[in-house]
Amino acid sequence: MAHLNLDFSKVKRCRILAEEIATPVEEMIGAHTTVAIERATLRMLGVNGAVIRNGQYFPEANAIIEDLAKAKLLGQGVLPRFVSAMLEHGLDTRTLGTEAAEGRIKLSEVKLRPAAELQAKARELCVQARDHLVRQREYRDTLRRETKDTFDPQGKGGPLLYVIVATGNIYDDVVQARAAAQAGADAIAVIRSTAQSLLDYVPHGATTEGFGGTYATQENFRIMREALDDESRKLGRYIRLTNYCSGLCMPEIAALGALERLDFLLNDAMYGILFRDINMKRTLIDQHFSRRIIALSRIVIHTGEDNYLTTADAVENGHQVLASQFINERFALNARMTQDLMGLGHAQEMDPEHPNVFLLEIARAQMTRDIFPDSPIKFMPPTRHKCGDIFYSHLMDAMFNFVGVLTGQTIQLLGMATEAMHTPLLQDRWMSIKNAKYIFNGARSLGVDITYNRGGIIDHWAAKVLDETLAHLEMIRSKGLPKAIEEKAFAEVSRKETGGKGHDGVVLREAGYLNPLFEVL
Amino acid sequence: MSSGKSRMSELDLGKLKPYGDILNDGTIQVSFTLPVEPSPEAREAAIQFAEKMGLDQIKVATMEKAAQGFSFFVIYGNIKATVDFAAIKVLKVESRKRARDEIDAIIKEKIGRKLIVLGACTGYDAHTVGIDAIMNMKGFAGDYGLERYQWFDARNLGAQVLNDELLKLAVRENADAILVSKVVTQHNIHVRDLQDLMKRAEQMGLKEKIIFVAGGPRVTHPLALECGFDAGFGVGTKPSDVASYIVEEFLKRRGILLEDKPTTGGAA
């Protein structure tokens, strides 16, 4: 692999700064829980049903946590009351979940059992939940072995082809996903219905309608994974499934993804704050717990740094992307994730008419590869400068594929010629995959056969961005992350620490907070 | 060396046809997918579709297996139909495109105070790239956004603003213009949201007081008018296009026409 001439003492300093930035945040995280964490806990214990409210399904987990939140009884978490009720009534978790959600048993009125008894029982339940997740992980890994899966986090085998489906109807998505797999895609992502990240509950059941995407639900995950398992066996090639954690239900989506054997999850420490105006504390606390689940299930996360470049100029703001990647890496490590599970993201979004734009994009892509050698880095295609000229768009995607294979990217989210028009048609996706296969095959070994000109344009640009990143991280460390975000450290967006949605779902832990998942995951 | 004159002088706008490389050849390229496996029968079906589209001299450039049970076609043919281009009348935004300095000068001279403009993506829409391009300082393709103008007080409210809140804020702030950006169009949500805003605006008696502009990749001037807006802008619209329109419309409503005769400048 051709490498840039980066100053790794600066890279090391960036990592130290990221750690220093994260430390006060981890203290804040450890002092709180959220409604989403408590709901995810119930789900992992088996409370995954729904009650009917106003003619719609409403998750049992939400009904239970809502009642406790209203009574201000979440400071110790949901488990003290839930487990006390289990012991008192002699019910299993599922049955109690339904009884409590439908109001026949009121957790707010339950008499708490002695602490020792609670801790033992809670731990037993959490160990069972953990073991179930491990079994699901092992089933998934067995299928990967069966289909001779060749995924390599370091990207040595060439980029993995990743495409998106989004009809709004999970059953139509299955048709599109199978077709994409047959055409050569290695990973499928089902884009969620617009604004699902702002729902403070996970919709229930299979869904056939959505806006600009398909709802993420446990049943939809199960349906798609089952179809892709079948397709994987037929094709003799393991097909990965991706969904999106971001939003007010991050820990729950992570839990459901782990339960249903998903492979990739979009999961970013700051995306929700910046782009969905979700409360800072809520997002940071939720991302930690979600990543604990993800670490146990060995799911690969994808981070959302591509988004910065849709508002900030890509030529000038590479340092924001790299700074964010260091921060995401640190938060992931703090949640016990390993490097090979961190699909740190970046994108090719520079103005296509900028002089030498491909050299600058190569610099950015290569430095990402060099700085995160063990991470399955995810490279995302042009979107911002895409337009209705689908032929020109197709060329932009070809150049993106060329940069990807040259610089050894691990995951390549394929561009679509019709990006500016609509969610991809079957033919658009087929064309895109054919494009990628042509270029990934044709330039397969180019990266190992060239070296970069020392002190040339590419080397120089990478060094410049690294310097800017270092300065950016110094600034963030000196202000602290919340203040830095308020002062537009990322994507020209300002967010206040107490602002945004979901702040009321943040709960200060009280003495006696009980959630053994934090120990056993 | 060719000695004859080019056929281009024979162009008849009353009978416009597509152009491949010879005038009136009517050449068209289409591509589509049929949900059947590639086969001679599938190819024949594709040709029949092309015939039904009014093409002749049909050539199937390729038939590809796009997936199990799906075949993708690229087809060339010549269309027999013509369009009377000379008879076409299109609803366009009628305002002269002016540059930022000119617009600032006009507002300063003829209005004497800043025009207050609110911009937002409404409803569930969170795709602010468009409204940001029009409003933010940086603007789009070198054309600066409304925030950069001296005589606009431009406020970008961002994403997911509810119609009700938007109008209440406009009243409180004495807004002169509202820019609504709609990107998501599934199930025609954009049309419903735009219509809803204007219905409320009418109920609140705001239609005369405020200039209502709609924008988005699938928004057109006719669509905006149908929904009750004053103007609609689509793909390729620059901030100065919107600024030019707002200023002209603001003055027109007060009986002031700008000296130079407005020529029609359609939004792309």
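The part I have in mind is the open sheet of nine strands in chain A: in what order do its strands lie, and is the pairing parallel or antiparallel? Please go on from there to the other strands and to the place where the two chains touch.

A: The model shown here is a predicted one, and what follows should be read with that in mind. In chain A, nine strands form an open sheet whose order is β9-β8-β7-β6-β5-β4-β12-β11-β10, and the pairing in this sheet is parallel. The edges are held by β9, residues 342-343, and β10, residues 345-347, each of which pairs on one side only. Within this order, strand β5 of chain A, residues 187-190, runs parallel to strand β6 of chain A, residues 240-244, and three bridges join the two; in one place A:A187 has A:R240 as its bridge partner in β6(A).

An antiparallel case is found elsewhere in chain A, where strand β2, residues 50-53, and strand β3, residues 56-59, are joined by four bridges. Along this pair, A:A50 has A:P59 as its bridge partner, while A:V51 stands opposite A:F58. The hairpin that β2(A) and β3(A) make has two residues between the strands, and A:N54 takes a positive phi near 50° there.

Chain B has an open sheet of three strands, with the order β1-β3-β2 and antiparallel pairing. Here β1 and β2 of chain B are the edge strands, each pairing on one side only, and neighbouring strands of the sheet are turned by 20° against each other on average, if direction is ignored. Nine bridges join β2(B) to β3(B), and among the residues of this pair B:K59 has B:Y76 in β3(B) as its bridge partner. A helix from the other chain packs on this sheet: α16 of chain A, residues 426-442, touches β1, β2 and β3 of chain B, and its direction makes about 70° with that of β2(B). Helix α1 of chain B, residues 40-52, also packs on the sheet and touches β1, β2 and β3 of chain B, but its direction makes about 135° with that of β2(B).

This brings us to the interface of the two chains, where 23 residues of chain B are in contact with 25 residues of chain A. The area buried between them is about 1,900 Å², and carbon and sulfur atoms give 55% of it. The rule finds one salt bridge across the interface, in which the side chains of B:E64 and A:K434 meet at 3.5 Å, N to O. Five residue pairs are counted in polar contact between chain B and chain A. On the side of chain B that touches chain A, the elements giving two or more residues are β1 (27-34), β2 (55-67), β3 (70-79), α3 (129-135) and α5 (189-203) of chain B. The residues of that side divide into 10 nonpolar, seven polar and six charged.

Terms used:
Residues numbered from 1 in each chain as written. Chains lettered and ligands numbered in written order. Predicted model: local features only at pLDDT ≥ 70, side-chain atom pairs only at ≥ 80, totals over all residues. Heavy atoms only, no water. Contact = heavy atoms within 4.5 Å. Buried area = accessible area lost by both parts, 1.4 Å probe. Salt bridge = Lys/Arg side-chain N within 4 Å of Asp/Glu carboxyl O. Polar contact = N/O pair within 3.5 Å; in protein donor to acceptor, adjacent residues only side chain to side chain. Nonpolar A, V, L, I, M, F, W, Y, C, P; charged D, E, K, R; others polar. Pairing = 2+ DSSP bridges. Axes fitted to C-alpha atoms, helices over the stretch in contact; angles between N-to-C directions.
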